[in-house]
Amino acid sequence: MARRAVYLDHNASAPLLPEARAALVDVLGLTGNPSSVHNHGRLLRNRIETARDQVAALAGAERSQVVFTGSATEAITQAIVGGVRAFRLDQVIVGAGEHAAVRAAANSAGVPVVSVALDGRGVVQIDELFLSIDAANTSGSQTLVAIQAVNNETGVVQPLARIEAMVGASPHYLFVDAVQALGKLPLEFASRAPDMMAVSAHKIGGPAGVGALLVKSHADAAKLIPGGGQETGRRGGTEAAALIAAFGAAAEAFSQRYDAARVNGLARRLEEGLEAIAGADLTIFGAMAERIGNTVDFAVQGLGSAVAMMGLDLMGISVSSGSACSSGKVGPSHVLEAMGVDPDLAAGALRVSLGWNSSEDDVSAFLDGFEEVLGRHRARQGRAALAAAVGA
Ligand code: PLP
């Protein structure tokens with residue numbers, strides 16, 4: 001009997017919510033350019049402005065602070081590269097566990113980049129960040145601090161309130177990559193210290209290809225694409241009205257669809273199941289830190305992630321190895337490296353991430369599948385050890 005497909009890779013991309021699909025199809029059926037003043041254009045404009053309200057509501061932002069972009073990666077690049085240029089900044093400080101989109105933007109901003117270490121729990125080292133900001137104050141270096149709210153691999157929640165207290169009280173700028181936090185943690189963008197934040201539709205059940213930069217008016221000059229003045233001059237290019245409308249619909253529906261207590265309960269059951277299967281050989285990364293609840297990043301001593309993922313994939317179970325956006329590329333994780341995880345153990349990292357439509361059956365299927373994969377692997381290892389002993 002064919003096995004049921006099991007999708008447990010929500011941090012890479014969440015399945016499209018029905019509300020988002022309906023909005024997408026509906027607006028794709030409309031004709032026109034949202035900048036046109038005629039009826040056709042106005043209909044599209046209305047859909048975009050409704051979506052702006054919906055995304056603003058989920059992020060605790062004012063509608064004027066929402067700039068739609070083609071992805072969170074674009075929003076991140078606009079904040080970092082555009083911000084460094086517009087505010088004539090001297091350096092960027094990033095956390096060592098930032099997503100590739102942040103690290104690449106910082107490295108292409110044309111100024112020195114300071115990386116702040118993580119501790120063994122996966123939390124950015126606050127003392128080191130404090131020293132870096134202090135050094136910037138002493139040298140008069142105008143700085144952009146770029147920190148994620150939640151790590152996409154481990155689910156570790158970063159101490160934003162403390163970072164905000166540190167940077168908000170200084171002349172420096174604070175950018176937060178809130179991609180994995182949107183809808184799961186209260187962002188309260190308008191009332192809190194960050195100058196800019198990036199969010200993405202496809203992590204909350206919207207479509208890929210649309211994101212937003214949340215930006216306070218004093219930071220509006222951070223731009224990448226001037227174009228034809230769309231998004232009140234902050235991001236040029238005819239708006240992808242259908243994608244934006246679907247982002248808005250997902251933002252509105254997410255709170256009802258994503259039951260955090262239920263998802264966290266499933267994830268804890270999954271962790272207990274792993275403990276029962278792997279015992280002392282199991283390590284759950286970030287387990288000592290506050291975590292977002294839907295993410296289980298783990299390794300079992302001696303089991304490589306490529307072998308495990310392939311075995312699970314053959315059973316129709318999709319999880320991730322290493323970083324979310326490099327699923328399929330099995331390489332060492334810079335996040336685990338920054339946490340000081342032994343490279344052999346890190347080579348076995350698997351990330352299971354649950355979401356709005358994850359079920360008890362998904363967790364059971366994953367645990368059954370993983371037990372089978374690990375059992376086969378241990379049997380192979382046992383046979384190899386025996387052959388080596390006999391041959392010796
Ligand atoms: N930042 C984080 C923390 C992410 O997890 C991702 C995607 O995995 C991104 C940024 C990039 O988002 P997008 O795919 O919308 O460019």
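**Ground rules.** Residues count from 1 along each chain as its sequence is written, and side-chain values use heavy atoms, without hydrogens or water. Because the model is predicted, local features need pLDDT of at least 70 and side-chain atom pairs count only at pLDDT 80 or more, while totals for chains, interfaces and linings use all residues.

**The open sheet.** Seven strands make an open sheet, E2-E8-E7-E6-E5-E3-E4, with mixed pairing (two strands pair if DSSP finds at least two bridges between them). E2 (66-69) and E4 (113-116) each have a single partner strand, so one side of each has no neighbour in the sheet. I then checked E2 against E8 (residues 211-215): four bridges join them, antiparallel. Phe68 has Ala212 in E8 as its bridge partner.

**Ser200.** I found Ser200 in strand E7 (residues 196-200). Ser200 is buried, at 3% relative accessible area (buried is under 20%, exposed over 50%, partly exposed in between, with a 1.4 Å probe and protein chains only). Leaving out residues up to four places away in sequence, Ser200 touches Ala72, Val179, Leu182, Val210, Gly211 and Phe247 (contact is heavy atoms within 4.5 Å).

**E10.** Next I looked at strand E10 (residues 295-300), where six of six residues are buried. Side chains in a regular strand alternate between the two sheet faces. In E10, Thr295, Asp297 and Ala299 are buried on one side, and Val296, Phe298 and Val300 on the other. E9 (residues 282-284) joins E10 antiparallel through three bridges, with Thr283 opposite Ala299. E12 (residues 350-353) also pairs antiparallel with E10, over four bridges, and Ser353 is the bridge partner of Thr295.

Methods:
Helix = DSSP H or I, 4+ residues; strand = E, 2+ residues; numbered from the N terminus.
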